[in-house]
Amino acid sequence: MANLNVAVIVKLEPDFSEGNVSYNADGTLNRAETKSILGPHSAVASSAAFYAKVRYGASVAVATMGPPIADSALQQAQLLCDADELYLYSDRMFAGADTLATAEVLKTGISKLEGKMDIVFSGHRASDGETGQTGPQTAWKLGFTFLGNVIDYDVDMQNRIVRARRMISLQGFYDVVEEVEAPLPVFIAIDPSYKASFNTVSQRLAFEKYQKEAKERAQNYKQYLKVFNAQQLGVDPKLVGLPGSPTIVYKVERIPKAKASRRAEVVDGTNREQLAKVATRMYEVVGGMVIK
Amino acid sequence: MMESYDVAIIGGGSAGLAALKQLSNLGKQAILLEAGKQVGTKNISGGILYSKKPKTGRVYNVEDVYGPEFLKDAPVERKITQYMLHSTSRNKVFTMNLTAAHEYQANFGYSVLLNRLNAWFARHAGESAERQGGGIVSGVHVRSLSWQGDKTVVETDELEPFEAKAVIAADGVNSEVAEITGSRPKFTPEQLYQGVKVVVKLPEEIIEQRFGIGPDEGAAHLFAGDVTLNHIGGGFLYTNRDTLSVGAVYHYDSLMDRPAEPYTLVNALLKNPMVAEFVKDEVAIKEEIDKNLPKEEQLRVRFAVSKLIKTWNELRDVWYSPAARKKLVEAGKYKTEEEIKARLDSVQNELANKYHTKFVTDYVELEYSAKLVPDGKRCAMKKPYFKNVLFVGDAAGRGVFIGPRIEGLNVGIDDAVRAANAVARAIDRNNFGPQYMGEYYSQLIEESPYTRDMKEIDKDYVKIFLDAARDVPKDIIGQRYGMVFRLMSSGTLRGLAVGFANILGYDKLLPLVESEDTYVQVPVELAEKMGRPIQATYEPTLPTVAQRVARLKYDDDRISHIKVLDSKSQFMKKMVTLCPTSCYSMEGGDVTLQHEACIECGTCAKETEWRHPRGEKGVIYQYG
């Protein structure tokens with residue numbers, strides 16, 4: 001029934017939420033101690049895909065590249081978007097991949113999916129790498145129109161057009177919302193502020209129905225899961241993993257703590273003269289504002 | 001293009017859900033709109049759901065709507081097998097066994113907590129509705145209804161407007177649909193009761209031991225006399241599985257005459273020695289932490305004690321619940337049940353010896369709530385419809401309220417089935433006109449045995465009371481009542497008297513029957529002269545209203561859902577006292593409202609612009 005096919009690319013990331021993250025003595029992340037979860041931006045991307053399912057009855061596939069345990073990210077994503085299919089691209093050969101090599105694997109995987117993809121979603125960036133490049137690079141490799149920072153979208157199913165609103169931050173100035181139209185297929189990197197809203201009764205009913213289905217499916221997520229290695233995927237070994245990565249991270253430095261530059265002065269509250277000084281100083285800082 | 005549905009049901013209480021289930025059972029499409037984030041978070045009931053077996057006519061019971069599944073796995077609390085009426089005066093109590101009255105024409109009566117039960121109803125009704133292209137939409141507050149031709153446009157605060165062919169209004173005693181459509185005036189204090197309830201925690205097997213009931217049995221205790229603080233009404237205590245529902249229900253007009261803070265009425269009940277003994281439990285009291293310790297150490301001790309007390313509480317609940325004990329052993333957490341007890345004791349020892357925690361006798365209150373209850377005898381809608389809108393349950397002012405007999409949930413469910421049947425018939429004929437649908441529903445309601453109960457005195461029911469009071473010497477309960485008793489004791493005379501009363505009109509008799517005499521003086525006299533003394537072994541620590549409110553969960557709305565119309569009116573001045581959560585206060589000569597603590601009972605609705613909060617907003621009950 002679905003004549004809209006969407007895919008989401010997600011990432012298993014360390015859980016940076018309070019109390020869950022653990023660091024080594026040298027300040028680097030203790031990956032063994034820190035739990036891994038579906039990245040927060042991947043979660044937003046998944047909910048954007050769920051919107052396509054609720055609004056347009058889209059068929060949803062979720063894909064990730066990672067070690068075998070990355071299937072837990074797929075499970076969590078499925079709970080969010082009621083995915084029909086889950087794909088894990090996992091091979092030792094993929095280790096050490098930078099964003100470009102990762103994009104190569106994801107592109108190959110997405111191209112292999114049944115049915116032509118109409119929209120591919122990704123998060124804004126990962127919470128551990130923070131480069132925000134894997135999405136755009138995958139889009140470029142797929143040859144899809146790339147729409148970044150999307151806060152809202154709709155699909156004109158008849159004309160096969162996406163209308164999206166993008167949040168553009170002009171740093172230091174102000175934010176603008178840009179409305180764009182693009183023919184399918186498109187690649188959408190979803191803005192962290194995206195929040196799906198369902199405004200009609202039928203959408204709410206569909207939301208309830210698919211949410212319930214998602215819970216059931218996620219409980220048996222293995223049933224929906226397909227795992228591919230490099231060979232099954234048919235990727236060019238030169239383009240993936242370490243060999244396919246033009247960049248490597250060779251050192252991470254901590255940002256030094258800024259020195260505190262505050263000076264405190266103790267004022268005797270019973271001394272009117274000193275209090276007057278405080279008032280004058282406050283007047284200087286807040287500038288002309290009347291304090292009642 | 002506006003979306004269109006066959007039926008819109010407004011309100012996801014027991015009645016609305018039954019309407020949804022029944023329509024789906026009949027293969028019709030219906031959607032239900034509920035303002036709470038989830039079904040069940042806004043529902044409060046005194047606590048007994050009956051299944052009736054009337055002498056004549058038929059009623060639609062909960063198990064008729066939900067099928068045998070209901071009896072098999074619905075989360076009801078306990079089947080009430082003991083029903084007692086206590087007359088109280090200070091520390092004296094005179095008890096009558098009214099189990100026969102409770103069982104009168106009943107298949108069963110279960111104590112219930114609506115948060116869990118309505119969620120179960122919602123799951124079953126929702127699944128059936130989905131199969132017919134309908135379902136439940138929660139977090140949606142209906143704002144208005146308007147008519148375009150033969151279609152009704154439903155507008156909400158949250159969604160795009162949509163059309164419906166028929167509407168079932170199940171939005172409770174403070175029905176906004178009734179107000180929007182102008183189909184009935186707001187209820188007056190004479191037509192209402194105010195009920196206030198607290199849910200008290202008590203482990204399962206302690207309940208069974210204390211009330212002398214088996215694992216599948218329950219007790220209901222009613223109270224009259226001095227616990228009412230001279231108001232017309234009474235108190236109740238029902239056993240749930242591992243909690244008690246303790247509450248007070250009062251004639252609203254009696255409270256208007258002599259305003260009393262609602263919580264003082266519950267407190268009076270809790271302070272009664274009999275009730276105090278019923279609710280008492282073992283409570284851990286934290287010792288003050290030594291302020292001379294280093295800050296980190298203080299913090300560590302505080303965490304350790306809180307955690308231990310939590311463990312102690314949880315383990316204790318497990319230890320006193322056979323099912324929970326078994327589950328823990330099966331899960332492999334403990335090898336034997338005795339091991340649980342050993343662990344419980346060791347936690348208690350650690351708390352007592354290491355942290356000097358005291359274990360005292362007190363009671364544990366979990367939730368405070370309030371609700372208005374319509375008295376069907378006085379306010380049931382004569383024509384419970386408006387155009388294509390059918391009113392059911394509380395929204396239609398339909399509740400059975402006769403002496404200790406309080407039935408609302410089952411009445412609402414019966415109404416809902418009748419409304420659903422009328423709507424289904426209208427869908428088949430595609431005729432939603434008031435003659436074809438509304439009048440037909442009105443007729444079905446007229447045939448309901450509950451309607452008969454709201455209009456007529458049932459002489460067999462009277463006899464049950466007389467039998468229960470047979471051993472009471474007639475002269476000690478006042479001359480007037482003594483004579484009535486003697487008169488009524490004879491079958492023939494009773495038949496005549498009741499027949500005459502019914503001809504005269506039930507409503508004309510009510511002021512005589514429902515008086516301070518009946519509810520206060522006579523019970524006090526009974527207790528004084530015939531009661532047995534009961535001594536409380538401790539004094540319960542009663543929370544303040546602020547503490548009670550602090551324990552409730554809310555999703556705050558910045559905008560108030562209530563608007564005070566006249567801040568100087570006599571009525572509003574009384575609200576300062578009568579609001580169960582003390583939302584009103586006097587400032588200068590004006591009554592001002594702070595809506596944040598509102599629990600949406602509607603006590604102030606008569607002279608305010610009263611709306612339910614927007615979708616998902618307002619109070620979120622955990623027990624109901």
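Visitor: What do the side chains of B:Arg378 and B:Glu514 meet in?

Guide: They meet in a salt bridge, 2.7 Å from N to O. The term stands for a side-chain nitrogen of Lys or Arg within 4 Å of a carboxyl oxygen of Asp or Glu. Keep in mind that this is a predicted model, where local features need pLDDT of at least 70, side-chain atom pairs count only at pLDDT 80 or more, and totals for chains, interfaces and linings use all residues. Residues are numbered from 1 along each chain as its sequence is written, chains are lettered from A and ligands numbered from 1 in the order in which they are written, and side-chain values use heavy atoms, with hydrogens and water left out.

Visitor: Which parts of chain B does the pair tie together?

Guide: B:Arg378 sits in helix H14 (residues 376-379), and B:Glu514 in the loop between helices H21 (506-513) and H22 (516-530), so the pair links parts 136 residues apart in sequence. Helices (H or I, at least four residues) and strands (E, at least two) are DSSP runs, numbered from the N terminus.

Visitor: Is B:Glu514 buried or exposed?

Guide: Buried means under 20% relative accessible area, exposed over 50%, and partly exposed in between (1.4 Å probe, protein chains only). B:Glu514 is buried at 10%, while B:Arg378 is partly exposed at 26%.

Visitor: Which residues does a salt-bridge network join?

Guide: Bridges that share partners join A:Lys53, A:Asp82, A:Asp84, A:Glu213 and A:Arg217 into one network. Take A:Lys53 and A:Asp82, whose closest N and O atoms are 3.6 Å apart. A:Lys53 belongs to helix H1 (residues 40-56) of chain A and A:Asp82 to the loop between helix H2 (71-81) and strand E5 (85-89), so this bridge ties parts 29 residues apart in sequence. Both A:Lys53 and A:Asp82 are buried. Over all chains, the structure holds 64 salt bridges.

Visitor: Back to H22(B): which of its residues are buried?

Guide: A helix has 3.6 residues a turn, so residues three or four places apart point the same way. In H22(B), the buried ones include B:Tyr519, B:Val520, B:Pro523 and B:Ala527.

Visitor: How many helices and strands does chain A have?

Guide: Seven helices and eleven strands. Chain A comes to 24 Å, well over the 19 Å the rule gives for 292 residues, so chain A is more spread out than a compact globule. Its C-alpha atoms fill a box of roughly 80 × 50 × 35 Å along the principal axes.

Technical notes
Rg over C-alpha atoms; globule rule 2.2 N^0.38 Å.
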